[in-house]
Amino acid sequence: MIKIVNEDFSLDELYSNIKSDKNGAISIFLGTVRDDLFNKDKTIEAIFLECYEGLAIKQLEEIKNEAIIKWNLNKCVIVHRIGKIPLGDKIVFIMTSSPHREESIRSNEFIIDQLKIKAAFWKFEYYGNDSKIIKTKEKDLKKNLKWESVIKS
Amino acid sequence: MKYFSWIRVKLDKSEDSFEINGKLNFKELKLFLIQKDIFFKEIFNDNSIKFFINFKEIENETISIIDGDELGILPPVTGG
């Protein structure tokens, strides 16, 4: 299941989509809005997430399918919020299930790392009347290189 | 044409429509857009920006663009 949503989502409802007697492990990643750790003068009120929806759905499907094949997953759920999201709220949810824990954990990390550098979403931080466009982090780009060799193996 | 992130902010609009008579390739479309607005020169010179036609990344500038096609102009993404 892949969803791009404007509103907050229920973790219980999403969990009900993945429950199965075939699962030995379910891994969950939940990304939330945090304050800027390096800027003590300003507090982030919210972020705004912009999306090219048609392309983002296609990209998330490709990432999900790659993970399912590579780690032989039972199921995979990806939900991404868009619009204005207050400090502390949920942004992105990734849930992977598999017979054993290694596959669900590894695939979950792969999906969030790929999403961060490939999927058509853009983040802005809001500080009162001010806003700032967030730039791609170098460490996220470097992490992708690690996955290239994993996927080829 | 769809604009996102800092490009949308700078142009102060999220999309544009242009009529194309006949068929253009992407290289010709770039020249056409630069003639319309010199800002596109900055966009096309920026190696970090990606271009998509109908949700497929453009890898070859000779690809044909026809009326009704959707061009997405994408700065580096920052989701998650």
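The legends below describe close-up views of a predicted model.

**View 1. The interface of chain A and chain B.** Contacts join 26 residues of chain A to 19 residues of chain B. About 1,800 Å² is buried between the two chains. Carbon and sulfur atoms give 61% of that area. Three residues stand out on the chain A side: Glu50(A), Tyr52(A) and Trp122(A). Together they supply 38% of the area that chain A buries against chain B, more than any other three residues.

View 2. The rule finds 1 salt bridge between the two chains. Arg8(B) pairs with Glu50(A) in a salt bridge, and their closest N and O atoms are 2.7 Å apart. Glu50(A) is also one of the three residues named for their share of the buried area.

**View 3. The side of chain A that touches chain B.** At least two residues come from each of β3 (46-51), α2 (53-71), β6 (90-98), α3 (101-118) and β7 (121-127) of chain A. Helix α3(A) gives the most, with 5 residues. By residue type, this side of chain A divides into 16 nonpolar, 4 polar and 6 charged.

View 4. At the start of α2(B), a side-chain oxygen of Asn25(B) comes within 3.1 Å of the backbone nitrogen of Lys27(B).

**View 5. The salt bridge of Asp8(A) and Lys90(A).** The closest N and O atoms of this pair are 2.9 Å apart. The pair links distant parts of the chain, 82 residues apart. Asp8(A) sits in the loop between β1 (2-5) and α1 (11-16) of chain A, and Lys90(A) in strand β6 of chain A. Asp8(A) is partly exposed, at 43% relative accessibility. Lys90(A) is buried, at 15%. Both belong to a network of salt bridges that also links Arg81(A) and Asp89(A). Over all chains, the structure holds 14 salt bridges.

**View 6. Helices α3 and α4 of chain A.** Asp113(A) and Lys143(A) form a salt bridge, with their closest N and O atoms 3.0 Å apart. Asp113(A) is in helix α3 of chain A and Lys143(A) in helix α4 of chain A, 30 residues apart. Asp113(A) is buried at 9% relative accessibility, whereas Lys143(A) is partly exposed at 29%. Helix α4 (residues 138-152) of chain A also holds Asn144(A). Asn144(A) counts as buried because its relative accessibility is 13%, under the 20% limit. Leaving aside residues up to four places away in sequence, Asn144(A) touches Gln114(A) and Ile117(A).

**View 7. The salt bridge of Glu42(B) and Lys10(B).** The side chains meet at 3.5 Å, N to O. Glu42(B) lies in helix α3 of chain B and Lys10(B) in helix α1 (residues 5-11) of chain B, so the pair ties together parts 32 residues apart in sequence. Glu42(B) is partly exposed, with a relative accessible area of 38%. Lys10(B) is exposed, at 51%.

Key
Residues numbered from 1 in each chain as written. Chains lettered and ligands numbered in written order. Predicted model: local features only at pLDDT ≥ 70, side-chain atom pairs only at ≥ 80, totals over all residues. Heavy atoms only, no water. Contact = heavy atoms within 4.5 Å. Buried area = accessible area lost by both parts, 1.4 Å probe. Salt bridge = Lys/Arg side-chain N within 4 Å of Asp/Glu carboxyl O. Helix = DSSP H or I, 4+ residues; strand = E, 2+ residues; numbered from the N terminus. Nonpolar A, V, L, I, M, F, W, Y, C, P; charged D, E, K, R; others polar. Polar contact = N/O pair within 3.5 Å; in protein donor to acceptor, adjacent residues only side chain to side chain. Buried < 20%, exposed > 50% of the residue type's maximum accessible area, 1.4 Å probe, protein only.
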